[in-house]
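Look over the sequence and the model below.

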Amino acid sequence: MRKRLGMITPSSNSVLEPVTSAMLAGVSGVTAHFSRFRVTEIALDAAALSQFDASVMLPAADLLADAKVDAIAWNGTSASWLGVGRDRSLCEAITARTNVPATTSTLACIDAARALAARRVGLVSPYTDDVQRRIAEVWAEEGIAPHAERHLGLRDNFSFGEVAPATIADMIRAVAAEGADAIVILCTNLDGAALAATLERELDIAVLDSVAVTLWRTLCLAGGDVTALARWGRIFQTMPNIR
């Protein structure tokens with residue numbers, strides 16, 4: 001049966017849509033559909049945090065429901081600094097409004113780390129020092145205290161999509177060298193999905209790109225076969241019993 005996947009997307013994100021579409025190219029019967037709301041910067045001040053109020057995110061979910069999607073994802077990592085409870089509440093609200101199961105990038109990444117039984121999770125992101133520190137606190141509250149990390153100190157969301165894949169790969173290698181057994185590329189506007197499988201073979205660790213993992217989890221929710229995407233990394237060889 002055909003599966004339609006709905007993705008709520010930050011307005012200034014230039015990576016997740018083409019990457020998701022590229023990953024699904026040649027996968028029969030699965031399509032991704034996108035709905036945007038305004039996000040331009042990532043910071044901890046009130047103006048930046050207010051971008052992620054549910055009141056501006058839920059209308060995007062309503063529009064996706066018009067396309068009869070089988071699952072909806074907030075394809076962004078904001079709960080990693082706002083608190084994971086925000087995403088759980090958002091998913092409940094989306095499902096209550098649309099009768100469609102929902103997930104988010106942060107929840108998907110946490111699910112993936114747990115599904116792979118990762119013990120020493122490393123984080124790679126484009127974010128500023130204070131945002132990265134807050135992410136470490138939030139993830140630790142979920143029982144996943146980051147083992148090592150690298151970040152770029154950027155604030156402008158559009159700029160994240162301009163980071164060269166070679167830079168992302170160097171960050172992953174540096175975190176791996178500190179003993180991580182799984183690395184999360186935590187940002188859906190970093191162009192890291194195509195690196196995952198190659199670096200997994202090189203480093204013999206799991207590499208969990210936020211865009212790829214969001215697709216994995218959303219397809220799981222929709223009842224699709226994630227193994228059709230196995231060439232994109234280890235996580236797609238895993239079919240967890242998470243509903």
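What follows describes the chain as a whole and then its aromatic pairs.

This is a predicted model. The protein chain holds 11 helices and 8 strands. Along the principal axes, the C-alpha atoms fill a box of roughly 45 × 40 × 30 Å. Of the 243 residues, 56% are buried. Among contacts with a separation of 6 or more, 75% join residues 24 or more positions apart.

The accessible surface is about 9700 Å². Carbon and sulfur atoms account for 50% of that surface. There are 22 positive and 27 negative side chains. The centres of these two sets lie 6 Å apart.

Now the rings. The whole structure contains 6 aromatic pairs. Two of them are set out here.

| Pair | Centre to centre | Angle between planes | Geometry |
|---|---|---|---|
| Phe52 and Trp81 | 6.2 Å | 75 degrees | edge-to-face |
| Tyr127 and Phe160 | 5.6 Å | 80 degrees | edge-to-face |

Phe52 sits in the loop between helix H2 (46-50) and helix H3 (54-65), while Trp81 is in helix H4 (residues 79-82). The two are 29 residues apart, so the pair links distant parts of the chain. Both Phe52 and Trp81 are buried.

Tyr127 lies in the loop between strand E5 (121-125) and helix H7 (129-141), and Phe160 lies in helix H8 (residues 157-160). The pair therefore ties together parts that are 33 residues apart in sequence. Tyr127 and Phe160 are buried.

Which residues form the aromatic cluster? Phe37, Phe52, Trp74, Trp81, Tyr127 and Phe160 make up one cluster.

Conventions: Residues are numbered from 1 along each chain as its sequence is written. This is a predicted model: local features need pLDDT of at least 70, side-chain atom pairs count only at pLDDT 80 or more; totals for chains, interfaces and linings use all residues. Side-chain values use heavy atoms; hydrogens and water are left out. Rings of Phe, Tyr and Trp (its six-membered ring) pair if their centres lie within 6.5 Å; planes under 30 degrees apart count as stacked, over 60 as edge-to-face and the rest as tilted. Helices (H or I, at least four residues) and strands (E, at least two) are DSSP runs, numbered from the N terminus. Buried means under 20% relative accessible area, exposed over 50%, partly exposed in between (1.4 Å probe, protein chains only). Contact means heavy atoms within 4.5 Å. Accessible areas come from the Shrake-Rupley method with a 1.4 Å probe; for residues, only the protein chains shown count as cover. Lys and Arg count as positive and Asp and Glu as negative; His and the chain ends are not counted. The place of a charge is taken as NZ of Lys, CZ of Arg, CG of Asp or CD of Glu.
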